[in-house]
Amino acid sequence: MPGKFIALVKKEFIVLAKDWHGLMVLFLMPAAFILIMSMAMENAFGEHKRLSISYTLLNQSNTPLPAALLEKLNTIPGFDRVPLPNDSTRERVSRGIIEGDYQLAIIIPNDFRQRLISTTQGAETALPPAAELLLAPTVKPYIQQIFTASLSAILIRQKIDWMLNERTAPNAAPIVPQSTLDQLGQLNLGATYIYSEADVAPSTPNAVQQNVPAWLVFAMFFVAIPLSTVFLIEKQQGTLLRLRVMNIEAPTILLGKLVPYFCVNQIQMVVMIAIGILIVPLLGGQNLSLPHSMLGLILISSACSIAAIGFALMVATMVRTTMQATTIGGVVNIIFGALGGIMVPKFIMPETMQTLTYISPMSWGLEGFLDLFLRQSGWEAVLPEVLYLSTFGLFCTTIAAYRFNKAY
Amino acid sequence: MLYQTIDLCKEYGKPPLAVLNQVNLNIPKGSLFGLLGPNGAGKTTLLSILTGITPKTSGQVLVNGVELEACIEEVRATTGVVPQDLALYPMLTAQDNLNFFADVLGLKGAKRTQNIDYAVTTTALNHHLNKKAQDFSGGLKRRLNIAIGLLNQPAVLFLDEPTVGIDPQTRRFILESIKSLNREGVTIIYTSHYMDEVQNLCNRVAIIDRGTILIQDEINQLLRHQGKNELRIHFSAQNAEKLVRQLPAFPHLTVADSHTLTVETSNPFTVIQAISEKLSAPENEVEYIAYGQQSLEALFLSLTGSDTRDNDAR
Ligand SMILES: Nc1ncnc2c1ncn2[C@@H]1O[C@H](COP(=O)(O)OP(=O)(O)OP(=O)(O)O)[C@@H](O)[C@H]1O
Ligand SMILES: [Mg+2]
């Protein structure tokens, strides 16, 4: 019996390997969607990701800037400093902004020290600008404000340093010691994100975190098409009868479908996650990090596979022609996908719609993967989804087995 | 008797519709058995019951005197089935198809190689093994379909209309293969509605219509018995109408069909003497003259009537 079972499994693999359309649906389609959607949705998810803006610094003064000042500039949180070549000019920096090398530039004038410490007596004369800020038009006003505020704090510390410590002799200890100055610049504003009770961790995924699991789950369910097509050919052409004459039992045939497509689903998972980790970042997208819980990953992908194959077997045993199999399998999957937050991420949907997503098994699969990839939860977190998906899968398989037994 | 059915009945659907009616069939070991019947007569259903694919409604099927249900495993191991449909994987090569079914049959090692060779040689597929079945011509597909049925080197081979949709050359090849299998001792049970094919091939025939066996016997007995006092003159052209007017008026001279004249007589030689001069001209295209035997087709039509079966409202 195991020999015959292996023959059935092997046959299924050979048939699938020769089925280019099936392979494209199972592997190329999700890969393409992951790549395209991760790029296309980068901005849609941008609001939610950590602020990271690049800026540069052009020093036109003939004296090097104080080390303390430079160090402070380098550590403005959320802003990354891009170094400039030595012979940079103001024009060159402007061009850099236009070409998108950085979005902000600080220009330090040649009489920086004078300008910084100068004061005015009356209100009628304005202070000369101590430094100049160049901005790309795409920089949002609130980003500019954050940057200016940080920059001002740093410059004011430097101003105090220069103003107070100027009159002392070169070797004399400064009137205001460095440590005090540093403390001047220290102002801690506590910031805490407030999430709704359920979510302790971030609740909205970035583009890759959304798209890799979403299209993976979608593609897993698409085994319905190759599986049911082959199944119908077998049924219509009488190969199933032939297998029966050759003493193969009905459960062996169903298991002979389940096992190979389970493997296919797991290969899909490995490939799609690899694309998220290795290829998306190469194309400039964010990268995906592996979940902490590998056990959780195995559980959810197995459960998702059982649901997908159960559904596929049900379709296969309920339709009459391969046309019906591809159409019904395809359309139901697309509805599952639209409803399950595959095409439109769930967190964008209005609340009533979000509740509706739970009708779709794909939504459960996706939530399970998001638990792991986004929230980095432990394996226990995916148990409800695993339970739902397995129940759905077993329910469909039971219907399939019943129908198959009647027809076989 | 190898296969014997006793009052075998089969009903389908609700309300039950009888597809097989009190079928009593006897198939001797070593015979080349032809099951003839119009479309929808119940041939495939009968074959499916004999091969244990479809359960019967009532009656008995005995194999070597044992109830089929009791020995189904052994029977299957020694039986080959070639279904009416092309039961193979179109996307696989002929070789992959044969390998797969050989594995499913549990064949291993030398036996596996030997049986695949046997199936391939018998159907002369040697030069087509690496082509996908879907790229095969209709004839090659039929041959592969038969090859798969031969993989277990069966002692009994069921063939359901194996010559549908193929050219005369392939048909002849397939029929020759069937004949030589039978000579090697394989019992063949074979359905068709090609009369000439069955008449030439089979040594035992049953005619089934609307689920009822109308007649079954050795082919020679059958034809002799049914055409006891009949002299048949068969023309290769449609000359019967024309010639009947030129012949002396015999009693019982009738036009059987456009190719055939029949004369009912107990003394055929007198009749032949009287007509031989008129008929000997080559332009009359006499194909054969037979006495005491009618064609299977005539027998078939006389038994089943000439209305088209698939128009039946049943
Ligand atoms: N599964 C089924 N359910 C209901 N009716 C069926 C079923 N299979 C066959 N029949 C009916 O039984 C009758 C006999 O069918 P069967 O296929 O045995 O005929 P056949 O002699 O093989 O015809 P053909 O020469 O066209 O192959 C037909 O009227 C057919 O419609
Ligand atoms: Mg038939």
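Helix α13 of chain A, residues 294-318, has 25 residues and reaches 36 Å from its first C-alpha to its last. That span is close to the 36 Å expected at 1.5 Å a residue. The model is a predicted one. Of the 25 residues of α13(A), 19 are buried, so the helix is largely enclosed by the rest of the structure.

Helix α7 of chain A covers residues 141-165. Its 25 residues reach 36 Å between the first and last C-alpha, again close to the expected 36 Å. The buried residues of α7(A) include I143(A), F147(A), L151(A), I154(A) and L155(A). R157(A), Q158(A), D161(A), W162(A) and N165(A) are buried as well. In an α-helix there are 3.6 residues a turn, so residues three or four places apart point the same way.

Strand β1 of chain A, residues 53-59, contains I53(A). I53(A) has a relative accessible area of 11% and is buried, because the cut-off for buried is under 20%. In sequence, I53(A) and N206(A) are 153 residues apart. In space, the C-alpha atoms of I53(A) and N206(A) are 17 Å apart.

Chain B has eleven helices and 15 strands. Its C-alpha atoms fill a box of roughly 70 × 45 × 35 Å along the principal axes. Chain B has 314 residues, of which 50% count as buried.

Ligand 1 has 13 residues around it. N39(B), G40(B), K43(B), T44(B) and T45(B) come nearest. By class, the shell holds four nonpolar, seven polar and two charged residues. Helix α1 of chain B, residues 43-50, gives the most to this shell, with three residues. Several contacts reach oxygen atoms of the ligand. A backbone N or O atom of G40(B) lies 2.8 Å from an oxygen atom of ligand 1. For T44(B), a side-chain N or O atom is 2.6 Å from a ligand 1 oxygen. For E161(B), a polar side-chain atom lies 3.0 Å from an oxygen atom of ligand 1. On its own, ligand 1 has 640 Å² of accessible area, and the protein covers 62% of it.

The magnesium ion, ligand 2, has T44(B) (OG1) and Q84(B) (OE1) as its protein donors. These donors lie 1.8 to 2.2 Å from the ion. T44(B) sits in helix α1 of chain B, and Q84(B) in the loop between β7 (79-82) and α3 (94-104), so the pair ties together parts that are 40 residues apart in sequence. T44(B) is partly exposed, with a relative accessible area of 32%. Q84(B) also counts as partly exposed, at 29% relative accessibility.

As a rule, most residues other than glycine have a negative phi, and most peptide bonds are trans. The peptide bond from K14(B) to P15(B) is cis, with omega near 0 degrees. P15(B) is found in the loop between β1 (3-12) and β2 (17-23) of chain B. N64(B) is not a glycine, yet has a positive phi of about 50 degrees. The loop between β5 (58-63) and β6 (66-67) of chain B holds N64(B). N64(B) counts as exposed, at 54% relative accessibility. Q153(B), not a glycine either, has a positive phi of about 45 degrees. Q153(B) lies in the loop between α5 (138-149) and β8 (156-160) of chain B. At 30% relative accessibility, Q153(B) counts as partly exposed.

Methods:
Residues are numbered from 1 along each chain as its sequence is written. Chains are lettered from A and ligands numbered from 1 in the order in which they are written. This is a predicted model: local features need pLDDT of at least 70, side-chain atom pairs count only at pLDDT 80 or more; totals for chains, interfaces and linings use all residues. Side-chain values use heavy atoms; hydrogens and water are left out. Helices (H or I, at least four residues) and strands (E, at least two) are DSSP runs, numbered from the N terminus. The expected span of a helix is 1.5 Å times one less than its number of residues. Buried means under 20% relative accessible area, exposed over 50%, partly exposed in between (1.4 Å probe, protein chains only). A residue is near a molecule or strand if one of its heavy atoms lies within 4 Å of it. A polar contact is a pair of N or O atoms within 3.5 Å; within protein, one must be able to donate a hydrogen and the other to accept it, and residues adjacent in sequence count only if both atoms are side-chain atoms. Accessible areas come from the Shrake-Rupley method with a 1.4 Å probe; for residues, only the protein chains shown count as cover. Ala, Val, Leu, Ile, Met, Phe, Trp, Tyr, Cys and Pro count as nonpolar, Asp, Glu, Lys and Arg as charged, and the others, Gly among them, as polar. Donors are N, O and S atoms within 2.8 Å of the metal (3.2 Å for Na, K and Ca); water is not among the atoms, so sites may look incomplete.
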